[in-house]
Amino acid sequence: DMTGRGVGAGIVAGVVLAAAFAAAAESRKSSIDELSFLAGCWQSAGGGPHVDEQWMAPLGGMMLGMARTVKDGRVTQFEQMRIREEEGSLVFTSKPSGQEEASFAAIEVGSSHVVFENKTHDFPQRIIYQRNDDGTLAARIEGEQAGKIAGFDFPMRRAVCAGNR
C-alpha cells in the first residue's frame, strides 16, 4: 500500500503557517509537476525596468527560481525563490533583496496557473502566475497596502536562458 508515502516529508514550522498550509492541503493534493509551465527563463514584456526571472524544472519535490530587476544598467532588486511540496500542498518561499524571507501556501493550482497566499504577510498577500494561451506569462502580486487593495502586474515572455557568452 503506497498511500502512506511522504508522511515523513517534513514538519511545518510555525503554528500560523502550519494552519494555512493544512487548509490549502485539505482542499486538494498538489504536485510540483503541475507547475512545469513555469520552468525556464522569462523576461519582462512591458515597458519599464528590465526583469529576468528563471525557474529550474520540478525535481525532487522542488523548483528553484531567481529574479533580478535592472534599471539604467544597474541591478535595483533581486530575489531568490523556491516552490516545494509540503505535505500535499505547494509552498512558495521568497527572499527578496533587503527583506525577510516569507512563505505563501498554494490556494489554487491548475495546469496553467497557480495562486499562493499568506494573509499574515504585509505585502503582497497573494502571488499569482498565469500562463496565457499565447505562451506569455502573467505574474501578479496583490494584497492590502495602506488600507487599500493594491496589485502589480508583471507581463513576461519566454526568453533564451543565457549561458556562457
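A nonpolar core is a set of buried Ala, Val, Leu, Ile, Met, Phe, Trp, Tyr and Cys residues joined through side-chain atoms within 4.5 Å; buried means under 20% relative accessible area, exposed over 50% and partly exposed in between, with a 1.4 Å probe and protein chains only. The model is predicted: local features need pLDDT of at least 70, side-chain atom pairs count only at pLDDT 80 or more, and totals for chains, interfaces and linings use all residues. Residues are numbered from 1 along each chain as its sequence is written, and side-chain values use heavy atoms, with hydrogens and water left out.

**View 1. The largest nonpolar core has 24 residues.** Leu35, Ile83, Phe92, Phe116 and Tyr129 touch the most other members. Among the strands (DSSP runs of at least two residues, numbered from the N terminus) that give two or more residues are E3 (62-71), E4 (74-86) and E9 (137-145). E6 gives the most, with four residues.

**View 2. Surroundings of Leu35.** Beyond its neighbours within four places in sequence, Leu35 is in contact (heavy atoms within 4.5 Å) with Met63, Ile83, Leu90, Val109, Val114 and Phe116.

**View 3. Trp55 and Phe92 form a tilted aromatic pair.** Rings of Phe, Tyr and Trp (its six-membered ring) pair if their centres lie within 6.5 Å; planes under 30 degrees apart count as stacked, over 60 as edge-to-face and the rest as tilted. Here the centres are 6.1 Å apart, with 50° between the planes. Trp55 lies in strand E2 (residues 50-55) and Phe92 in strand E5, 37 residues apart.

**View 4. Phe92 also pairs with Phe116.** This pair is tilted because the planes stand at 40°, with centres 5.3 Å apart. Phe116 counts as buried because its relative accessibility is 0%.
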